[in-house]
Amino acid sequence: MKSFERSINYPSVYPLLGMYELELSAPISVLIEITRKCNLRCLHCFSNSGIDTSLKELTTDEWKQFIDTLSDMKVFLIFFGGGEPLCRDDFFDIAAYTKMKGIEMCLLSNLTLIDYNIASRLKEIGFYKVEGNLDGHTAETYENLRQVPGSFKRTIEGIQHCLKVGLPVRINCTLTKLNYQFIEEITEFAYNLGVTDIAFIRLIPAGRGDKNFDKLNISEKFYRERVLPLLRKLRIEYENKINVGYEQDEHIIILSDPNKIMPWCGSGRIHCTITPEGFVKPDHSFPDDDMQVIAGNILKDSFIRIWQEAPVFKKIRNTVFSECYGCRHVQCAGGDVYRIYHHYGVIMGGRDPRCEETGNDNKT
């Protein structure tokens, strides 16, 4: 499908932060994938992380130098992800340095390595939140996806330790054929644990998630007709108890002023991801070995110049699809940047195949 640029006399109907004349001089947040090492072997892992990895990673000092750059650029927030960040021996050193530079931090973790002492250190250093996963309410369901016996028990204990020290926890549940039938039970389980936020997210066709996509994915048609109504019902039932979030969330759309906020997908527009080797890409879903999606490398290039001038970021920020002109969902801005790439094989090759206005039932 063709796209056309702001320079081709396209009316300025997209006053969205991070696009066109409102491009940001620095990202609002950055995801640092600090390692590919992980103690689990999840079937849906978008980064192919695992126990055995020979990947060369940035050193402690190299990460600190990059954090200096982010501080100078006034970046608000760093997400530490991986892999499992707690697999790095220098993680707390890097995190403490980040906080000293005045940047807020959120840890993305599978929670299994968090005991009471680690939870206390995370709280003391200054993490404002931990995001973890709960893909089932029983060990059987959870470990069918995570592929490590005992991981369910350790995940629950990790959640409890965080909450005990006063560290907020958001739970993400990846919806698959293995667990969609237990959505109500998972929500109730999370609520009884004391979690205040749970988000049901779609399977990402990346890494092992792509390899196992047909085995795990629930179709777009099934999601819209069977899953979304249930999630909407749960949001109402658990109001003022636990926040139930999900993709294609019309509640947020209704409350938002489309003329004064950010695009739905912030990849390369308001945030980006740094891989363990220092490569910069739009977000965590994109592969590390496709140079059309790599904006640069922080060990070789100026991150400021990468963010402001990289062709892949310019393409994302300046593409508008003719089919989307006049759409009521102004914020959509064409849809999910990675889903578009995965479907068409190129950056911004067409509008999102899951477009709500068309009712498409694509596998992606």
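The legends below describe close-up views of a predicted model.

Local features here need pLDDT of at least 70, side-chain atom pairs count only at pLDDT 80 or more, and totals for chains, interfaces and linings use all residues. Residues are numbered from 1 along each chain as its sequence is written, and side-chain values use heavy atoms, with hydrogens and water left out.

Figure 1. Of the 364 residues, 54% are buried. Buried means under 20% relative accessible area, exposed over 50%, and partly exposed in between (1.4 Å probe, protein chains only). The accessible surface comes to about 16,100 Å², by the Shrake-Rupley method with a 1.4 Å probe. Carbon and sulfur atoms hold 51% of that surface. Among contacts with a separation of 6 or more, 70% link residues 24 or more positions apart. A contact means heavy atoms within 4.5 Å.

**Figure 2. Ten strands make an open, mixed sheet.** The order is β8-β7-β6-β5-β4-β3-β2-β9-β10-β11. Strands β8 (243-246) and β11 (296-297) stand at the edges; each has a single partner strand, so one side of each lacks a neighbour in the sheet. Two strands pair if DSSP finds at least two bridges between them.

**Figure 3. Strand β3 (residues 77-81) is largely enclosed by the rest of the structure, because five of its five residues are buried.** In a regular strand, side chains alternate between the two faces of the sheet. Here L77, F79 and G81 point one way, while I78 and F80 point the other. Strand β2 (residues 29-33) runs parallel to β3, joined by five bridges. Within that pair, I32 has F80 as its bridge partner. Strand β4 (residues 104-108) also pairs with β3 in the parallel sense, over four bridges. There, F79 is partnered by C106.

**Figure 4. Helix α5 (residues 151-164) lies across β5 and β6.** Strands β5 (residues 129-133) and β6 (residues 169-175) run parallel and share four bridges. N133 stands opposite N172 of β6. The helix runs at about 155 degrees to β6. Axes are lines fitted to C-alpha atoms, for helices over the stretch in contact, and angles run from 0 to 180 degrees between N-to-C directions.

**Figure 5. Helix α6 (residues 183-193) has buried residues I183, I186, T187, A190 and L193.** These cover an arc of only 125 degrees around the axis, which puts them on the same side of α6. The arc is that of the directions from the helix axis to the C-beta atoms. Their cover includes α5, β6, β7 (197-202), α9 (220-237) and β8. E185 is also in α6. At 32% relative accessibility, E185 counts as partly exposed. E185 and T138 are 47 residues apart in sequence, yet 9.5 Å apart in space, C-alpha to C-alpha. Just after the helix, G194 takes a positive phi of about 105 degrees.

Figure 6. pLDDT is the predictor's confidence in each residue, from 0 to 100. The chain mean is 86, and 88% of residues reach 70 or more. Where pLDDT is low, the predicted coordinates should not be read in detail.

Conventions. Helices (H or I, at least four residues) and strands (E, at least two) are DSSP runs, numbered from the N terminus.
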